[in-house]
Amino acid sequence: MAGLYLHIPYCKSKCRYCDFVSFADCESMGEYCAALLKEMRLDAAALPKQAYDTVFFGGGTPSILPVGAVAMLTDALRASFEIMPDAEITIEANPGTLNETKLREYRAAGINRLSMGLQSTNDALLETIGRIHRYADFVQNYECARAAGFTNISADLMYGLPGQTVKDHLDAIETLYRLGLNHISAYSLIVEEGTPLYTDVTGGAESLPAEDDVYLMHRRGMEFLETLGYARYEISNYAKPGFASRHNLNYWENGMYLGLGLNSHSAMRINGSWMRFANTERLSDYIMSCNQGIRPLASEPEAIPRAEEMFETVMLGLRKTEGISEAAFRLRFGEEIEDVYPEALKSLATHGWLVRDNGACRLTDEGLDFQNEALLAFLPD
Amino acid sequence: MAYSQDLIRNFCIIAHIDHGKSTLADRMMELTDTVALRDMEAQMLDTMDIERERGITIKATAVRMFYTHTDGKQYMFNLIDTPGHVDFTYEVSRALAACEGAVLVVDATQGIEAQTLANVYLALDNGLEIVPVINKIDLPSADAEHAIREIEDVIGLPAADAPRISAKLGTNVNEVLAQIVELVPPPAGRADVPLRALIFDSIYDNYKGALSYVRVKEGTVRAGMRIRSMATGREFEVTEVGVFTPALKPTDELSTGEVGYVSASIKSVSETKVGDTITDADNPAAEPLPGYKQANPMVFCGIYPADGADYESLRDALDKLVLNDASLSYEPETSMALGFGFRCGFLGLLHMEIIQERLEREFDLDLVTTAPSVIYKVRKNDGTELTVDNPSNLPDPSEIQSMEEPMVEAHIMTPSDYVGAIMELCQEKRGVFRDMKYIEENRVNILYELPLNEIIYDFFDQLKSRSRGYASFDYELKEYVQSDLVKLDFLLNGDMCDALSTIVHRDKAYAKGRAVAEKLQEVIPRQQFEIPIQAAIGGKIIARETVRAVRKDVLAKCYGGDITRKKKLLEKQKEGKKRMRQIGTVSLPSEAFMSVLRIN
C-alpha cells in the first residue's frame, strides 16, 4: 500500500480551536498551486517509482480552491505518478465552501470519497467553535454530493465542546445515521494553548463539559455508533462495512506515503532504509524552492533505525481495533513480535489492556483509552 | 629570615551579608598592590561560584599584604576571610583565634545585625581588638553617626574615630589600613619554643593534596620537618610551606605570628581538622592550643539520585566534596520509596542547601532529598536509649517510653514594628519567650528558646517574609528536652511511603498531616485509578485526600504528519515516568518529596 497526500493550507477563516498553519488570505493560492505542480515533477524525478493506491486532498480546506483547480491538480498527479485505477481518492471539504459545480468537478476528476468537516449538528455549538457553516449548509451539500454520485461520504464530529451535553453528541450521531453517512470520525476536543478557544476557556468566557461527561460522550457515543452499524476501526474512526478509509489505514499500517505541499510529511523505504522527511512550513520558502527547481524539504531526510521503525509500527498499529497483524510484523522485520516485545506483551495482557487473537495483537477498549500509557511499555527503559 | 614580629598584623573582617566585607577586602588588596589592578575581580577571595552568586563566604581564605605606614615602616598584613554564617560558627571561632584584631564593618544605612553581633561577641571572647568601620557612606540614606551610636550602645565599643568609608568607591580605605597598624596588637608568641600552629581551615588541592591553613602561634614550621597532629597523634612530613598572595606561594618557612599553609602529603581534609594544633614531632610542645572540638552535624537528610542509575556518581561526588569539607558526613541508606542513597549530616540548614546545590551544579546530578531531621534521643520501655536521625528508624510507639529533642537559643534582631509578627511566628514554632531588649528606640533583640526541628523547615524564610526582610537571626544549640513527639506517616493507595515520614510534635501533627496530604494531592499526577492519600500517626488516620483517576490518555488524531511528533511525545512521557518513584502501585514525582518541606 502507498498513499499520496496533497496539502492545501488555506481556510476561509480560522476555527477557534485550530492551531495548525493555515492561511485565510487566499492571494497566494494561484502561486501555491503552481508550486505544487512543480513539486510533483521534482519528487517524481527524485524518488523511486511507485504505484499509489490512495490519494488524499487535505488541509486546511481543499474545497476552498476555485472551480477547476482540483481537476487540474488531479490531472497533474496522474501525469507525474502512477495512480492505481481502483485508487481511493478523498477530498476534505468544509460544508461552507462547497457547491454543486465543485462537487461535479470532483466526481469528474475521479474523486470518489468525500470527507466533510461537519464537527457538530448544533448551530450554537458551531458558532462557539468558530465554524463558518451551519448545519443546513451541510445537509444541502450532502444531498448535492449524493446527487453528483458520491457513494462514500464521511463526516467529522467533535465532542467535549463548550456547552455540549452527552445528549447533543448522541443526537448528532443519530442525525448522521439517518442521513446515511458511510463513515464518521469522532474526535475529542483538545484545547491547544494559544488558540482563541484557549483564551475563552481560561478566561472563563466558555466552560468545558465536566471530565466525566466528556468520558460519557466517548463511551456512549462509541456504543451508539456500533449499535447503528458503524464499526470502530481506529481510536476515533467508525465505518459501515467496507467504508473504512484506506488512505488513513495505510498510515496506521506504517505504510509508505508521499506528502506534497506545505509542511507535508512523507515516509518511505529508500535503498533499504526506512526514511521520514517533511517539507518546509514557510509558505514563501516553499514557493521559492519549487520555483528554483529544488525540492522544498525542511531538512535532510532522516533514516529511522530498525528498532524505531518497529516501535512506530506498534504505535500506529495499536490505534486500530484489529491491532497489528503478527504475520505482517514477521514479514516486515523477519522477527516475531513476541520475541521483540516479550515483556510489554505480557504485562499489558496481565493488565487486561492487550489481547492476542486471530493472529494479531490488539488493545482492548480500556487499552485504547490509555493507548499512550500502553505504548510506553514498548519503549526501551 | 623571619619577618619582625612587631611589624605583623593578623586580622579578619566581621560584617553582615551585603555590608561590604568582600568589597573592602578587594580595596585593601588594591591599595597594597597585592593584586595587580588588571587581575582584580570582584569578591577576589570568594572563589566558588556559589560564594560569588550568593555573596557569602563558605570556606575561609587568607591573603598576605604589605602596607607602608605613615611611620615609614612596612607592615605585613594577614587578612583571614571567614564565613559569617551561623552554621559555621565553629570555623569562624577558629579563624578568629588565628587573629589579634577584627575589622567590624557596619553598613551606614542598616546598622548592626544579629549575625554581626554574634560574631563580634565571638571576637571579643577570643580577645581580639575591634576596629569599627562605617561603610557605604556614599549612599543617600547613609547615617554614619547613627551607626556609630549603635556600635557604642549595643556593643559598648568606642567608635567615634571609626573611619567613614565607601568600600565601593575606595573612599577613606587608607584610614582603615592605618588603624589596623595602630589598634591591632602585633602577635605575641615566642619564636624560641617548640612549634604550635593552629589549623583554622583546610582545603583539598588537586595537585598538593590536603592543605592546612595555619597560624603559627609559637616556633617555626618549614619544609622537611616532621609534624604531629596533637588531636590525632598522627605524624606527617612537611613537603611545602607557603603564603597566600592570594594564590599559593611557597616560602622557606613560616615563623611565629605568620599565617600560611602547610602541605604534608595528607590525603584528606578529615586528617587535618579545623581547630587542631600541629607541633614538631621531634620536639613536641607539651600542650595543644585551646579550643579544639569535633564539629558535629546537627541536621540530617536523605539524598538520593533522581535516577537510581546515578547512585555511583552521587557517591563519587560526596567522596570529592568531603575531601574539602570535613564537617559533611554521609553513610549509605536505603529507602523503600527512593532506593539507594545516603543519609547526610550537616552543620545547619545553609550548609545543607550549599551541599545540595554543589552536588547538582558541580557534579551535574539530579537529586531527591527527604525532609531534614534533627537527632532525637529515644528512651525505650526496656530502659535502653538510642539516637534517631531518620524517622524510619524510630521504634514502634508502643516501645517508646519518652523522647527528647534538641533546643536552640535564638537571637532575633528586628525593627520594633515586626515584633508582634515575629513573636507570633516563634509561638507557632513552639518557641518559649525568654527575653526582649530594646537596642535603641525602634530596634529590638528578642531571645527565644526554640526546638531545632521547627527551625529546620521554613523558619528563616518565614522570619524574612514576616519582617519584610528586616529581621536577622542567629542561634546556638542548647540542651535536649523531653517532648511529646510522634512519627507522622503518609500512605499512598494504602502503601506507606517511608521517605515522606517525619517526626513532629503531637500538637502539630494534625495540621501538618492535613497540609502535606493536600499538597501531595496537588503534585501527584493523576493515574488510571483513584489514589487515596492518608496521613497517619501510628495506625490512626488523621487526614485523607484523593487523587482522582484519569479516564483517558490517548491522542485523538494521528495521521501522516503527526507521527514523528507523537513518537517524541511518548519518549518524553517515558522519560518523565522513569524519573518517577514507584510506591506500591503509585508513581510519585520528585516534587512530592519536597512538598513535605514546603508547608507553612
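Predicted model: local features only at pLDDT ≥ 70, side-chain atom pairs only at ≥ 80, totals over all residues.
Contact here means heavy atoms within 4.5 Å.

**Chain A on its own**

In chain A, take the contacts with a separation of 6 or more: 70% of them are between residues 24 or more positions apart. The chain has 381 residues, of which 54% are buried. Its secondary structure consists of 16 helices and 15 strands.

**Where chain B meets chain A**

Now to the interface. On one side, 26 residues of chain B take part, and they are in contact with 37 residues of chain A. Together the two chains bury an area of about 3200 Å², with carbon and sulfur atoms giving 55% of that area.

Polar and charged groups have their share too. Between chain B and chain A, 21 residue pairs are in polar contact, counting pairs with both residues at pLDDT 80 or more. The side of chain B that touches chain A is made up of nine nonpolar, five polar and 12 charged residues. Six salt bridges are found across this interface. One salt bridge to look up in the viewer joins the side chains of Arg548(B) and Asp212(A), at 3.4 Å from N to O.

**Cysteines and a buried threonine**

How many disulfides does the structure hold over all chains? The count is zero. A disulfide needs two cysteine sulfur atoms within 2.5 Å. For Cys11(A), the closest cysteine sulfur belongs to Cys18(A) and lies 6.4 Å away, so the pair is too far apart for a bond.

| Residue | Relative accessible area | Class |
|---|---|---|
| Cys11(A) | 13% | buried |
| Cys361(A) | 1% | buried |
| Thr220(B) | 19% | buried |

Thr220(B) counts as buried because its 19% falls under the 20% limit. This threonine sits in the loop between strand 7 (209-218) and strand 8 (221-222) of chain B. Leaving aside residues up to four places away in sequence, Thr220(B) touches Leu195(B), Met225(B), Glu253(B), Leu254(B) and Ser255(B).

**A helix under cover in chain B**

Finally, have a look at helix 6 of chain B, residues 173-183. Its buried residues are Val173(B), Val176(B), Leu177(B), Ala178(B), Gln179(B), Ile180(B) and Val181(B). What lies over them? The cover for these buried residues includes helix 1 (21-31) of chain B, along with strand 1 (8-15), strand 2 (61-68), strand 3 (74-81), strand 4 (101-107) and strand 5 (129-135).

Technical notes:
Residues numbered from 1 in each chain as written. Chains lettered and ligands numbered in written order. Heavy atoms only, no water. Buried area = accessible area lost by both parts, 1.4 Å probe. Salt bridge = Lys/Arg side-chain N within 4 Å of Asp/Glu carboxyl O. Polar contact = N/O pair within 3.5 Å; in protein donor to acceptor, adjacent residues only side chain to side chain. Nonpolar A, V, L, I, M, F, W, Y, C, P; charged D, E, K, R; others polar. Buried < 20%, exposed > 50% of the residue type's maximum accessible area, 1.4 Å probe, protein only. Helix = DSSP H or I, 4+ residues; strand = E, 2+ residues; numbered from the N terminus.
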